[in-house]
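Welcome, and thanks for opening the viewer. Please load the model, have your selection tool ready, and follow along one stop at a time.

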Amino acid sequence: MGIGSKSDSWKLLTLWISAHLNSGELPSHETVFNFLKVKKDIKIAIIGLGYVGLPLAIEFSKYFKVVGFDLSKKRVEDLKNGFDINKETKKENLISSKNLLFCSDIGNVSNSNVFIITVPTPVDI
């Protein structure tokens with residue numbers, strides 16, 4: 001599976017929960033699901049909706065309220081209309097996510113309590 005896949009999302013989620021539980025080990029699937037049931041107050045902001053951020057936003061929105069933020073207003077409008085120029089996901093995934101808000105207004109992330117930054121890393125060649 002590539003970057004931003006379901007597997008990567010699961011790994012990131014389990015690492016975050018492990019850190020939250022102050023444990024040095026990755027939690028079991030059962031621990032993760034029990035944690036998800038209890039933590040209803042988690043609001044995640046994904047900053048950057050490219051090939052990493054978009055799949056994470058979609059996957060996390062299955063469990064939590066998620067705000068997907070991108071500077072590009074065109075990108076946000078395309079995603080709201082079910083179009084992903086990067087072809088990382090299908091239209092159904094974009095429009096069926098009930099817990100996912102796409103935005104280009106940074107004010108929409110202010111109520112989040114978990115922030116995941118997925119912006120390009122500058123590379124000098």
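A residue is called buried here when its relative accessible area is under 20%, exposed when that area is over 50%, and partly exposed in between. Keep in mind that you are looking at a predicted model.

**Stop 1: a buried pair**

With that cut-off in hand, select Arg-75 and Asp-84, both of which are buried. Show their side chains and you will find them joined in a salt bridge, with 2.8 Å from N to O. Side chains of opposite charge can pair when their charged atoms come close.

**Stop 2: along helix H4**

Now select helix H4, residues 73–80. Pick out Lys-74 and Asp-78, which form a salt bridge with their closest N and O atoms 3.1 Å apart. How far apart are Lys-74 and Asp-78 along the helix? About one helical turn separates them, because they are four residues apart in H4. Colour the two by accessibility and look at each partner. Lys-74 has a relative accessible area of 57%, so it counts as exposed. Asp-78 has a relative accessible area of 17%, so it counts as buried.

Are they buried or partly exposed? Lys-80 is partly exposed at 42% relative accessibility, and Glu-77 is partly exposed too, with 41%.

**Stop 3: Val-66 and its surroundings**

Next, select strand S2, residues 65–69, and find Val-66 in it. The relative accessible area of Val-66 is 3%, which means that this residue is buried. Which residues does Val-66 touch, leaving aside those up to four places away in sequence? Its contacts are Ile-44, Ile-46, Ala-57, Phe-60, Ser-61, Asn-99, Leu-100 and Leu-101. For one more view, draw a distance between the C-alpha atoms of Val-66 and Ala-45: the two residues are 21 apart along the chain, yet these atoms are separated by 5.7 Å.

**Stop 4**

In soluble globular proteins, nonpolar side chains tend to be buried together. To see this here, select Ile-44, Ile-46, Phe-60, Val-66, Phe-102 and Ile-116, the residues with the most contacts inside the largest nonpolar core, which has 18 residues. Strand S1 (43–47), helix H3 (53–60), helix H4 (73–80), strand S3 (100–103) and strand S4 (114–117) each give at least two residues to this core. H3 supplies the largest share, with five residues. A separate core of six residues lies apart from it, including Ile-47, Phe-69, Cys-103 and Val-109.

**Stop 5: helix H3**

Select H3 by itself. Eight of its eight residues are buried, so the helix is mostly covered. Step through them in order: Gly-53, Leu-54, Pro-55, Leu-56, Ala-57, Ile-58, Glu-59 and Phe-60.

**Stop 6: the largest pocket**

What classes of residue make up the lining of the largest pocket? Eight are nonpolar, five are polar and one is charged.

Notes: Residues numbered from 1 in each chain as written. Predicted model: local features only at pLDDT ≥ 70, side-chain atom pairs only at ≥ 80, totals over all residues. Heavy atoms only, no water. Nonpolar A, V, L, I, M, F, W, Y, C, P; charged D, E, K, R; others polar. Buried < 20%, exposed > 50% of the residue type's maximum accessible area, 1.4 Å probe, protein only. Contact = heavy atoms within 4.5 Å. Core = buried A, V, L, I, M, F, W, Y, C linked by side-chain atoms within 4.5 Å. Salt bridge = Lys/Arg side-chain N within 4 Å of Asp/Glu carboxyl O.
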